[in-house]
Amino acid sequence: MGQVRFIAGGLAALLIAGSAQAEAPPCAPPADLQLTADDAGRLKDLPASRARGLAAVKREADAEVGGVVARLFEGGPRPLSAVEPGKYRCRTIKLGSQIAGLQSVVYGYFACTIKTDAEGWTLAKVSGSQNFTGTLTPAGEGLLFKGASHYGYEKPRRYGDNPEHDLVGCLLAAPSGARHYILELPSPALESLHDVIELEPAR
């Protein structure tokens with residue numbers, strides 16, 4: 001019970017801090033970055049989306065999920081202007097649920113990569129049944145992710161190929177140290193209230 005109370009208290013503090021910054025999304029898209037109106041709205045809504053997800057985790061009081069979330073968000077994600085290419089392990093964390101009776105969940109680790117070329121950085125989840133790929137562009141306090149999801153048996157899509165698979169988010173630094181990142185995907189169309197992809201160096 002002590003652990004649950006500690007986690008709940010930590011998330012409550014995060015909610016209070018986050019509410020003060022509700023009008024300051026960390027990744028404001030550059031004017032020349034073409035996004036749909038819905039996706040631009042998602043990025044603008046990121047602080048509120050995060051707050052909704054954290055509030056759901058607090059209500060659920062699941063010690064395992066709460067511990068992961070508190071570790072990632074304690075003190076808030078840090079600004080990020082560049083990433084190091086390489087192999088990473090990554091996992092999806094779904095905060096809250098749009099479906100009654102379902103709760104937040106932390107999935108297992110899969111493989112992700114960050115690559116660089118003349119056009120910049122590319123982030124991709126390359127193992128598992130549901131993957132994604134997209135570009136990272138400096139924007140505000142973080143790196144704006146613009147990409148698309150695809151199933152493991154499909155070829156990667158580009159943003160705009162199929163609006164149902166389009167993804168936008170903001171990559172920020174986790175509090176714990178170098179090469180530890182948090183990709184936030186705000187206001188997802190299905191399932192959760194707020195999606196988080198945690199990335200850290202492959203082991």
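## A tour of the disulfides

Start by selecting Cys27 and Cys170: their sulfur atoms sit 2.1 Å apart and form a disulfide. Keep in mind that you're looking at a predicted model.

Zoom in on the S-S bond of this pair. The torsion about the bond of Cys27 and Cys170 is about 60°, so this disulfide is right-handed. Now color by secondary structure and see what the link joins. Cys27 is in the loop between helix H1 (2–20) and helix H2 (37–44), while Cys170 belongs to strand E7 (residues 166–173), so the bond ties together parts 143 residues apart in sequence.

How many disulfides does a search of the whole structure find? The count is 2, so let's move on to Cys90 and Cys112, which also form a disulfide, with sulfur atoms 2.1 Å apart. Here the angle about the S-S bond is 80°, and the link of Cys90 and Cys112 is right-handed. Show the strands around this pair: Cys90 lies in strand E1 (residues 86–95) and Cys112 in strand E3 (residues 110–117), so the bond ties together parts 22 residues apart in sequence.

Bring the surface back for a last check. With buried meaning under 20% relative accessible area, Cys90 qualifies at 1% relative accessibility. Cys112 counts as buried too, at 1%.

Counting bonded cysteines along it, the disulfides follow the pattern 1-4, 2-3.

How values were computed
Residues are numbered from 1 along each chain as its sequence is written. This is a predicted model: local features need pLDDT of at least 70, side-chain atom pairs count only at pLDDT 80 or more; totals for chains, interfaces and linings use all residues. Side-chain values use heavy atoms; hydrogens and water are left out. A disulfide is a pair of cysteine sulfur atoms within 2.5 Å. Helices (H or I, at least four residues) and strands (E, at least two) are DSSP runs, numbered from the N terminus. Buried means under 20% relative accessible area, exposed over 50%, partly exposed in between (1.4 Å probe, protein chains only).
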